[in-house]
Amino acid sequence: MASNKTPNLGLDIWQPDDFFKRAEVNNNFTKIDEKVAYHSGKIDILSRIQATIDNYPKVVPELDDTPRIKRLIAYAKANGYKKVVLTDGSYEISDTIYGAVEGEKLGVLIEGVNAETVEIVVNVEGSKAAFAFEKIVNNVEGWDERWSNGGLKNLRIRAKNRDNMGTGIYVRGSVFAQFDNVRITNMKYGVWLHNDKKGIYTELNSFANMRIDFCDNNIRIERNLVLDANGGVLEDNLNTGEESFHGNIFDKIYMNVKPGKVGFNMVSGMLYNARFDLFMWAQYKGKDTNGNIIQPTGEERPVYINVGSTAICKTSTGTMTFEGYAEGRLTGSGQFWVHGTIDGIGPYLFVDETVVKSNGERVFSFDNHFQTKQLGTYDLYTEPVVPYNQRKNREGLGGMLMRIIRTTAGNADRWLDSLLALSRNGSPANNGFYVGGIPNNADESQATLGFFLSNNGQYLRSYKDTGLEIYHKNGPNEYLCGKFANGSFQTAKAKTQVVPANPGVQQTFYFSAYNDPNVVFDFYFRIYGTSFESRKVYRTNVPHPSQGTQTLTATQTFYESPKTGVIINSVKAQTAGDIRLDITTDIPLIIEYRTNGIGVL
């Protein structure tokens with residue numbers, strides 16, 4: 001009988017004078033055999049987790065790496081592998097690589113060993129995908145699989161000729177796909193989420209730690225409508241969430257946006273319950289021969305976010321940060337409402353006029369750029385109003401109204417005009433602050449209510465049906481300065497005008513304003529071109545139409561960089577209420593015009 005045992009398997013160890021039986025020896029062999037069989041099974045399981053590209057070299061007559069990557073993925077799927085691995089190197093592809101194919105039961109994760117050393121060079125035309133992930137058949141086992149719909153990890157993807165051709169990642173009806181530590185450069189579309197037929201949903205995918213640079217659309221979301229033979233909409237259940245995009249995560253995404261291109265382009269469809277953490281950088285157009293930055297203007301300005309007329313983003317959370325050398329924009333006419341913030345530094349963030357729709361709803365809404373916000377568990381709402389152009393009073397054209405409304409059974413029984421602040425940077429005499437309210441559903445149209453601090457002779461009246469009105473008193477007369485429709489602005493006037501160079505010749509331009517003779521309003525001109533810029537605010541007199549054409553002088557100058565050959569001859573208020581600008585210039589200019597931020601008067 002053995003006097004000792006081995007520490008792991010407990011095999012017998014005999015000393016020279018120990019007796020032993022054959023059964024004891026057989027027992028040792030049995031333990032060894034069982035343990036070898038157990039670990040052999042583990043090794044087989046581990047081998048099925050991944051397959052590597054090194055086992056699939058390029059063969060004649062293959063011209064690039066597309067066929068061998070496809071062979072690798074086909075082998076992985078056929079043998080139940082969850083992941084394929086691309087080792088260090090540059091791989092050129094000329095056709096779409098499918099990580100998940102519609103109708104199949106398994107997708108694979110395509111992973112590089114290192115994001116800095118594994119490069120995918122894409123040689124395709126148009127918007128053809130480099131990597132595609134489609135809707136698979138999710139049975140019970142499929143939903144439990146960690147990589148049931150696959151994904152990408154640790155890769156650099158770029159267009160071969162940096163000519164903005166192809167789509168980096170195409171996702172169509174995919175669920176639970178994961179895209180992590182991927183960089184995409186110079187493609188037509190960086191990431192394209194696309195629901196192109198009825199019953200296709202793209203949901204619960206994760207895009208994290210990604211950098212997307214210089215694509216026409218860095219991220220594109222699109223749902224195709226069902227059209228009839230004449231191109232009309234046959235079926236569109238957008239508001240019910242049909243063919244929707246929901247539960248997708250965009251976390252730690254850095255984007256470079258080129259002039260005239262779009263960072264996050266929501267073309268159509270409904271995106272909800274998404275989570276965002278986006279950083280967007282607006283690129284300038286180039287540099288002149290002296291090394292000075294050339295700013296993009298007008299439609300050339302980079303677009304941070306665009307939302308199409310048939311696109312809706314709601315019940316989503318997160319933050320969006322912008323920065324850059326160029327002036328970026330928010331554009332579109334759909335709905336993009338996020339519980340979170342949008343903010344940044346650098347040149348101004350411009351919001352196009354479509355920021356307010358015809359029914360008064362905002363296109364864009366963030367916690368610092370509001371649409372509506374519910375407080376507590378009661379029907380108590382605030383409807384803050386901030387300047388449409390998001391400049392935070394940098395140009396002094398701002399104001400904010402917060403009206404709290406308490407309702408019972410859907411009917412207003414109390415309006416409380418809680419706060420109104422009119423702010424003019426650099427001109428304290430024009431500041432105003434008001435607190436007041438209307439109890440018991442009363443219409444206080446003939447009384448000045450609450451408490452309004454103004455050094456400019458302004459006061460307010462409050463109406464239960466039409467909201468607040470701001471008046472300016474001039475001697476025995478009073479003039480309407482601003483009107484709030486129950487807590488929301490209607491759109492202000494704005495226009496962008498291109499001015500051609502015409503040396504020595506005065507040119508005249510007209511800008512739409514207000515033709516009510518009892519309206520006082522401010523307006524802002526930004527006029528700029530190469531080495532010239534002027535930013536000024538003007539105020540009309542009252543009653544301006546009945547007094548004929550008025551020549552106006554600026555009430556505030558925010559920036560003035562003069563240039564020989566550029567002369568602003570005059571600014572006038574016309575009898576019809578429009579604004580006339582006379583200018584002489586040797587160089588091409590851009591004029592940006594906007595009336596004061598307190599809305600249509």
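Author: Contact means heavy atoms within 4.5 Å. Keep that in mind while reading this model, which is predicted.

Reader: Which residues is tyrosine 528 in contact with, leaving aside its neighbours within four places in sequence?

Author: The partners of tyrosine 528 are Thr297, Glu533, Pro588, Leu589, Ile590 and Glu592. Tyrosine 528 itself belongs to strand 42, residues 522-529.

Reader: Is tyrosine 528 buried or exposed?

Author: Buried means under 20% relative accessible area. Tyrosine 528 has 8% relative accessibility, so it counts as buried.

Reader: What links the side chains of tyrosine 528 and glutamate 592?

Author: Their side chains make a polar contact at 3.1 Å. Along the chain the two residues are 64 residues apart, while their C-alpha atoms are separated by 8.7 Å.

Reader: How many bridges join strand 46 and strand 47?

Author: Strand 46 (residues 566-573) pairs with strand 47 (residues 579-585) over 7 bridges, in the antiparallel sense.

Reader: Which residues form the nonpolar patch on the surface?

Author: Phe29, Ile32 and Val36 form that patch, and together they have about 290 Å² of accessible area. Valine 36 lies in helix 1, residues 22-47.

Conventions. Residues numbered from 1 in each chain as written. Predicted model: local features only at pLDDT ≥ 70, side-chain atom pairs only at ≥ 80, totals over all residues. Heavy atoms only, no water. Patch = residues over 30% accessible without salt bridge, like charges linked within 9 Å, V, L, I, M, F, W, Y side chains within 5 Å. Areas by Shrake-Rupley, 256 points an atom, 1.4 Å probe, with all protein chains shown as cover. Salt bridge = Lys/Arg side-chain N within 4 Å of Asp/Glu carboxyl O. Helix = DSSP H or I, 4+ residues; strand = E, 2+ residues; numbered from the N terminus. Buried < 20%, exposed > 50% of the residue type's maximum accessible area, 1.4 Å probe, protein only. Polar contact = N/O pair within 3.5 Å; in protein donor to acceptor, adjacent residues only side chain to side chain. Pairing = 2+ DSSP bridges.
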